Amino acid sequence: MRIFNTMTRQKEELIPITEGEIKMYACGPTVYNYIHIGNARPIVVFETFRRYLEYRGYKVTFVQNFTDIDDKIIKKANEEGTDYQTVSKKYIEEYKKDAAGLNVAPATYHPLATENMDEIIDIVSTLVEKGYAYPAQNGDVYFRTKKFKEYGKLSHQPLDDLQSGARISVGEEKEDAMDFAVWKAAKAGEPYWDSPWSKGRPGWHIECSAMARRYLGKTIDIHCGGQDLIFPHHENEIAQSECCNGVPFANYWMHNGYINVDNHKMSKSLNNFFTVREIAEKFGYEPIRYLMLASHYRSPINFSQEILEQCKASLERLYTCRENLEFLLQNAPSGEKEGDAALKEQFQSRREQFITAMDDDLNTADALSAVFELAKDINTHLNANTAPSKALCQAALDLFNELTGVLGLLYEKQETSLDDEIEELIAQRAKARKEKDWATADRIRDELKARHIVLEDTPQGVKWHIAQ
């Protein structure tokens with residue numbers, strides 16, 4: 001398996017620290033609002049990567065944090081006349097609803113920043129002791145960026161270029177404009193924790209360094225997140241962690257591309273900023289998940305209602321394939337038939353095609369192509385007039401569910417059943433057709449259609465579905 005490492009700007013073979021195990025950290029949301037579609041991309045992409053790693057036999061410890069104390073959370077609490085705990089707890093629960101809707105499985109650990117204050121303060125203390133950080137007179141603690149000679153190695157920007165845009169804001173007591181806060185003294189009325197320097201709270205970047213170390217160790221296999229986090233967030237995480245711990249922070253860095261809306265950058269000022277909840281209410285959650293996997297994770301995605309409709313149509317094709325397979329299996333004769341072995345081998349070649357794509361830097365777009373090629377094979381060879389064997393149908397269905405399951409797709413439509421009256425009408429129509437009573441058969445068919453039950457006569461028997 002090869003993945004693109006942002007640090008080296010090339011694909012590298014994935015070699016874990018411990019054979020057969022992967023320690024993986026993904027930056028989670030700051031919980032002051034509903035997640036937007038830009039948040040959804042890393043959430044879906046890296047959860048899918050975790051699924052695939054587990055499918056390939058790795059034991060994955062996956063950590064995704066919640067930032068539950070932050071300026072935005074405090075501002076939201078003040079606007080709503082409440083406290084930061086109420087705001088963060090509310091939006092953690094709302095996140096969980098959206099994550100479940102997107103079929104995103106919970107991480108191994110979902111740590112909160114506020115539950116890791118001892119670890120955070122310990123790291124800041126070590127940085128101060130080593131001279132990499134310094135307390136200001138106002139109680140803030142800053143990291144000395146220029147003291148870390150490799151600063152900028154992830155974003156591949158020289159320190160001089162980074163420094164050109166740096167400024168010291170009012171109230172900051174930095175030695176240098178490039179320095180960043182690892183501890184912030186609390187302003188009047190703000191929540192705080194006791195520390196050796198002031199009553200305050202952590203800077204944003206230090207939280208992830210602390211939680212990654214606590215739950216995964218000083219050096220982890222993979223750190224991932226959105227492209228927008230490369231600088232300064234991940235750059236600062238590297239600086240803090242490596243100066244504190246004296247070892248590399250992460251061996252691989254993975255970053256997903258941006259999402260544009262109707263070919264424009266998503267922003268509130270352009271009124272093209274959408275939450276996952278808003279989109280799901282109109283289109284459902286699954287087309288959003290499909291959209292995130294339909295392109296390579298490092299490529300930009302263009303989001304539009306038209307594209308979501310295309311995603312829905314693609315999902316319908318996959319659902320139809322599965323429903324046809326399930327129907328064929330139910331009505332298939334037992335045993336195997338001549339030619340089954342060759343067809344099974346052809347189906348299995350799609351698994352290899354799928355794995356080849358996913359092994360090549362998590363290429364979910366090509367992996368989806370393999371799934372659709374499998375669906376085409378199934379439609380071509382199993383929906384013919386001659387009834388396929390039960391063994392062949394089962395093999396095809398198992399493989400189809402295996403591959404779509406790795407991608408986390410085909411989870412919304414639940415199995416439906418018909419009530420006894422409808423079943424009886426279908427049986428009466430079948431009897432009428434057998435007796436060539438076409439008038440009765442047509443009447444029952446029209447009656448069922450009026451009740452949104454659509455019938456299809458096939459060589460294997462009658463199929464039905466509920467019309468939308």
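This is a predicted model: local features need pLDDT of at least 70, side-chain atom pairs count only at pLDDT 80 or more; totals for chains, interfaces and linings use all residues.
Trainee: How are two packed helices described?

Mentor: Two packed helices are described by the angle between their axes and the distance between the axes. Here the axes of H1 (residues 37–55) and H9 (residues 286–293) cross at roughly 75 degrees and come within 9 Å.

Trainee: Which residues of H1 and H9 make the contact?

Mentor: H1 contributes Ile-37, Ala-40, Arg-41, Val-44, Val-45, Glu-47, Thr-48 and Arg-51. From H9 come Arg-289, Met-292 and Leu-293. By class, the contact has six nonpolar, four charged and one polar residues.

Trainee: Now the sheets. What is the order of the open sheet of four strands?

Mentor: The order is E5-E6-E7-E8, and the pairing is antiparallel. E5 (133–135) and E8 (200–202) each have a single partner strand, so one side of each is left without a neighbour in the sheet. From one strand to the next, the twist averages 20 degrees.

Trainee: How many bridges join E5 to E6?

Mentor: Three bridges join E5 to E6 (residues 141–143), and the two strands run antiparallel. Pro-135 has Val-141 in E6 as its bridge partner.

Trainee: Which strands are at the edges of the open sheet of three strands?

Mentor: That sheet has the order E12-E11-E13, with mixed pairing. Its edge strands are E12 (264–265) and E13 (301–303), each pairing on one side only. Strand E11 (residues 259–261) runs antiparallel to E12, joined by two bridges. Val-261 is opposite His-264 in E12.

Terms used
Residues are numbered from 1 along each chain as its sequence is written. Side-chain values use heavy atoms; hydrogens and water are left out. Two strands pair if DSSP finds at least two bridges between them. Axes are lines fitted to C-alpha atoms, for helices over the stretch in contact, and angles run from 0 to 180 degrees between N-to-C directions. Contact means heavy atoms within 4.5 Å. Ala, Val, Leu, Ile, Met, Phe, Trp, Tyr, Cys and Pro count as nonpolar, Asp, Glu, Lys and Arg as charged, and the others, Gly among them, as polar.
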